[in-house]
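User: Please take me through the model shown below, one question at a time.

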Amino acid sequence: MNRRRLLFAGAAGCLGAFACRGWGQESLNYAAPQRFAKPDIASDEGGLWAMMDREEKNLRRSPLVLRDAKLKAYVQDVACRLGGAHCPDIRVHLVRTPLFNASMAPNGMMQVWTGLLLRMENEAQLAAVLGHEIGHYLQRHSVDRLRDMKAKSAFGQFLGLFGVVGAVGQLAVLASAFAYGRDHEREADRIGAVLMHQAGYDIAESARVWSNLLDETKARDGKGPELFNPLFATHPAPPERRETLSQYAEAMPGGDPGRETYAENTERFLDDWLQDEVKRGQYAESLVLLSRLIAAGKAPALVQFHRGEVYRLRGEGGDLDLALTDYRSAASAANPPAPAFRGIGLIARQRGQKAEALESFSRYLELAPEAPDSAFIKTYMSELNS
Amino acid sequence: MKKLLFIVLALVLAGCASVKKVESGNHVVGERLSLNIQGMWNHLDFPGIKPAEVWTMEGVTVDEFLIYSGIRDGQAMHPETAASGQAKSFVFRSAMQSEEIVSMFEGVLTRDGSSFKLLKLEPYAFGGKKGYRFEYERNRKVDNVQLRGVGFGAVDRGELFAMLYHAPRLTFFPRHKDRVEAIAKSVVIQ
Amino acid sequence: MFARFRRLACAALVLSIGVVGPLWADSKNLAPGFSGLKKGALVTVMQPDVELFSISAGGVPEPKADWTDSAIKHVQEALNQKSAELGLKTRELSEDEADELAEINTLHAAVARSIALHHLTAGNLSLPTKDGKLDWSLGDAVQPLRQKSGADYALFIWMRDSYASAERKVAMVAFALLGVGIAGGVQTGYASLVDLRTGQVLWFNKLLRGTGDLREAEPARETVMALLKDFPEAE
């Protein structure tokens, strides 16, 4: 198979370059431990494990879980390729929440939020994040962290590592930042890179994940990125992390970004995920994200329409003009998203351009007669007509 | 939610929260919104839940009837709490179009990680002003309850007047929806 | 900040328990017009939701799986004993059934929290529309549960229990000497009986106290009996 060949080619290249770099042999010869047995229930790890089992049960029953067997199987497959022998212990759950997050609990519950899936440009980027989380899992970092957090009376924050919201402080947990320590992050980065390479992915994509996220969070005024994202710990500092990952990529070159497979598996959901992203109301961040996705060529018409929505909703300075430009190019695509015409109509109406508003609204209703706001748009049309 | 309950309990014990009876009849909320209700409601008076007035029939963890009266340009649409300090603030602007206000409510109702889906948006004369009515689904993140909701709103002299009611889609929303619709019909904005 | 507030809040609760009293045992627990179950009625017992924590010196709750496991076992045994005493037949739900009925369970939990807060809490949080009565109904929402289980009633049990570790106890004593009360272990929970024909919550009880122990069989039995004290008789 193509992937296998890439894998071997990559491995050969890796060893050569690796020797030149002069890293310690151990750093790239990671051997994963044996599969974990369920810990003794009287131990602290056992307590944690059992609690996570119960959380997993709740998660399984949550209406916020994205129940799509095909997409779930796809993400599970990526996790399995990375996890190797640990595959049977990794259970992927997709959660519909528009934030960049993935986590893996010590019992094997892996949560992947849709905000993460929206942000990934290819399968290798997804593998970079999952590989990193599997790295934490394989080294059982959470158990160290549990002991550390216990000492600091920060158990609630600890649970945030796994995106567990209901169990403890709910919103506080959702909004705050949680991180493993600096050494744990470094180790997880390194293991993630090795796992990626072994599975035939291009490690260079992992550096891109972090720099993309950095760009997005920088767009928010005043505060550093570490405050906003659980996965975006300052330890190690983003530039250092990016640098190290690039070095791994040089040492272990080759591999596949897996762009087409990723697009094939996720494109059905893009519209939903983009809508969720726009609703966050974090316009500056969304603009950076959506512009990047457009530049990367990811469903350009659809993303352009949603960027138009962001501009229209922000409505500052020249935003309406920018929105109009996006709506227009989305509307001129081969298979235009219907609401792009609604957007043009709304702006034209606000500007008193009757004819254009009417034409765009009727095009919208033609394409989407069952739209939830159709009655509302019809009223706008009859007002314009009178 | 369980922990939240603990906090609420503590507030009660500290005597800083209460529930007041809203009698059948005419009421004025804020300065300019008046409405008529048939049968009683419960008005939750907890510190820090402004700018909306919060009513309920079944209890704070079940159903919520939010009444916004006279929200001014630049005013935030939700209470500022320490826990939500990092989430985006949604601010009303007088110049907002109806559809932008509905988008703002979507933002307000998903601020806690809940999901929101707009089911319907239609014109509606709210309080005698040109306004809108919308219906939605919301999955509450904190306790996984699946809600249905209905909202009404209008802007008058630069101020926002709105009502939102949501309750579990099973039993509770259907049970109280008609009363809410009747209250919305009775609204007068002076 | 939030965590500190929560701890203070819990401390306030614990301090208040002596005043409020550990259990509510009057007609507040019964729905108006309801006096007892039908003899030989079938009650479906929803999987008891029980979790035990230990509280470290710093006040951090930590889940204890072994305690939780034995607590669930003890609670189930005590429930069986109680149902035998009452002459009721019980049926437990399987994991798959519980998955399918998740929305009803979630809905009941939301209602139960409102009952605990608005009906069984001292202070001025009671809902005037309920007029001091246990008057909550899940209506038609419970029909799938009735069809699946064939039962007349459903019993829901939720419990959280925490125990101070040895170091924590030392800290409690030290603070007590300074005149400051800090939280040790708190036992909190509820039990709720729902009529599957109407959805009406027929009986509800809340437990909130600083004593009791679910880790050992005998004290666990005592806890369940305390929670189910005044559970309506079959008639």
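**Fold and confidence**

Analyst: In chain B, contacts (C-beta atoms, placed from the backbone, within 7 Å) with a separation of 6 or more come to 46% from residues 24 or more positions apart. This is a predicted model, in which local features need pLDDT of at least 70, side-chain atom pairs count only at pLDDT 80 or more, and totals for chains, interfaces and linings use all residues. Residues are numbered from 1 along each chain as its sequence is written, while chains are lettered from A and ligands numbered from 1 in the order in which they are written.

User: Which are the edge strands of the open sheet of 8 strands in chain B?

Analyst: Two strands pair if DSSP finds at least two bridges between them. The sheet is antiparallel, with the order E1-E4-E5-E6-E10-E9-E8-E7. Pairing on one side only marks the edge strands, E1 (18-22) and E7 (115-126) of chain B.

User: What angle does the direction of helix H3 of chain B make with that of E10(B)?

Analyst: Axes are lines fitted to C-alpha atoms, for helices over the stretch in contact, and angles run from 0 to 180 degrees between N-to-C directions. Helix H3 (residues 172-186) of chain B packs on the sheet and touches E6, E7, E9 and E10 of chain B. Its direction and that of E10(B) make about 160°.

User: Which residue in the turn of the hairpin of E2(B) and E3(B) has a positive phi?

Analyst: Strands E2 (residues 25-29) and E3 (residues 33-37) of chain B run antiparallel and are joined by 5 bridges; B:Val28 has B:Ser34 as its bridge partner. The hairpin leaves 3 residues between the strands. The residue with a positive phi, about 70°, is B:Gly30.

User: Over which residues of chain A does pLDDT stay under 50?

Analyst: pLDDT is the predictor's confidence in each residue, from 0 to 100. Chain A has a mean of 82, and 80% of its residues reach 70 or more. Where pLDDT is low, the predicted coordinates should not be read in detail. In chain A, stretches under 50 include residues 1-26 and residues 163-177.

Note on methods
Helix = DSSP H or I, 4+ residues; strand = E, 2+ residues; numbered from the N terminus. Contact = placed C-beta atoms within 7 Å.
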